[in-house]
Amino acid sequence: MKSELAIKNWLTLTAESIKDYPDGINQIYEGKFDGMVIKEVLPKSEIQKVKRNLESRDVRESVHFGTMLGAILTDRQTDRMKYFNTADIVRPQLDQIFETSFETLVESVLSKISGGRKVEVPIENADSYYIPGTVRFVEPNTGGIRVHKGNDFIDITGWQYLNQVSKTIDSLSYFILIEKAEQGGELVLYEPSTDQLLTPTLDLDLEECKATYIDPDVGDMIVFRGGNIVHKVADVKGLTTRITVGGFMAISKDDQKVFYWS
């Protein structure tokens with residue numbers, strides 16, 4: 001049975017109401033909101049084309065929940081050159097998959113809630129671009145995406161540069177839903193019980209945590225406090241693979257930019 005946590009000021013925004021939260025990213029950082037659903041950032045008229053383009057991409061990496069197109073920096077901390085080489089391949093692929101280039105799409109949406117900050121993919125040493133987003137194909141009956149939070153990653157070697165230039169502590173996560181599971185596949189947010197507040201993420205007794213299930217529609221974007229909220233993706237049931245594209249997000253140390261990457 002799903003237990004319910006009253007998430008503080010979780011927002012659902014439309015193309016019209018997003019203008020009411022011009023500094024929304026920073027407001028999430030400050031804890032005024034735990035997250036938001038931004039409706040239909042990917043128009044339904046484009047979704048079928050995106051799905052067809054993804055089906056033609058057979059170079060995917062196998063992971064515990066299925067496959068992914070791209071890479072996650074936490075999995076490349078010992079081989080950063082491999083990560084940046086993957087970024088050089090994935091960035092143009094994402095542009096080809098989406099009718100409007102993926103980076104143009106993400107930046108056009110996030111700039112509306114960035115507080116005037118420039119939204120961009122981080123670049124290291126003038127020529128090493130980070131991956132803007134990873135496509136995750138969560139297959140049925142694989143257990144979903146394991147419980148985690150962004151703050152678990154910030155001390156690994158691969159995040160050194162990001163830690164220098166951005167506020168990675170309590171940073172945000174984002175994703176766009178491309179294909180919805182027939183059943184399951186929700187984003188599950190956990191609130192540890194008082195006696196588990198200092199327990200490492202992987203050691204939490206999730207049965208003792210309050211949980212909220214966030215279930216966006218196809219084309220919606222989620223932005224939330226992934227850095228300090230323990231979360232997972234619930235196991236997918238049925239025959240349909242859950243498909244998303246997204247990653248992390250952080251405001252720069254000088255408060256002038258919003259970086260996003262995977």
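Helix α3, residues 80-97 of this predicted model, has 18 residues and reaches 25 Å from its first C-alpha to its last, close to the 26 Å expected at 1.5 Å a residue, where the expected span is 1.5 Å times one less than the number of residues. Helices here are DSSP runs of H or I with at least four residues, and strands are runs of E with at least two, numbered from the N terminus.

In helix α4, residues 102-110, the buried residues are Phe102, Glu103, Leu105, Val106, Val109 and Leu110. Seen down the axis of α4, they fall within an arc of 160°, taken from the directions from the helix axis to the C-beta atoms, so they line one face of the helix.

Strand β10, residues 172-179, is mostly covered, with 8 of its 8 residues buried. Two strands pair if DSSP finds at least two bridges between them; β10 pairs in the antiparallel sense with β17 (residues 242-251) over 7 bridges, and Ile176 has Val245 as its bridge partner there. β10 also pairs with β14 (residues 221-224) in the antiparallel sense, over 4 bridges, and Tyr174 stands opposite Val223 in β14.

The protein has 5 helices and 18 strands, and of its 262 residues 56% count as buried.

Residues are numbered from 1 along each chain as its sequence is written. Local features need pLDDT of at least 70, side-chain atom pairs count only at pLDDT 80 or more, totals for chains, interfaces and linings use all residues, and side-chain values use heavy atoms, leaving out hydrogens and water.

Terms used: Buried means under 20% relative accessible area, exposed over 50%, partly exposed in between (1.4 Å probe, protein chains only).
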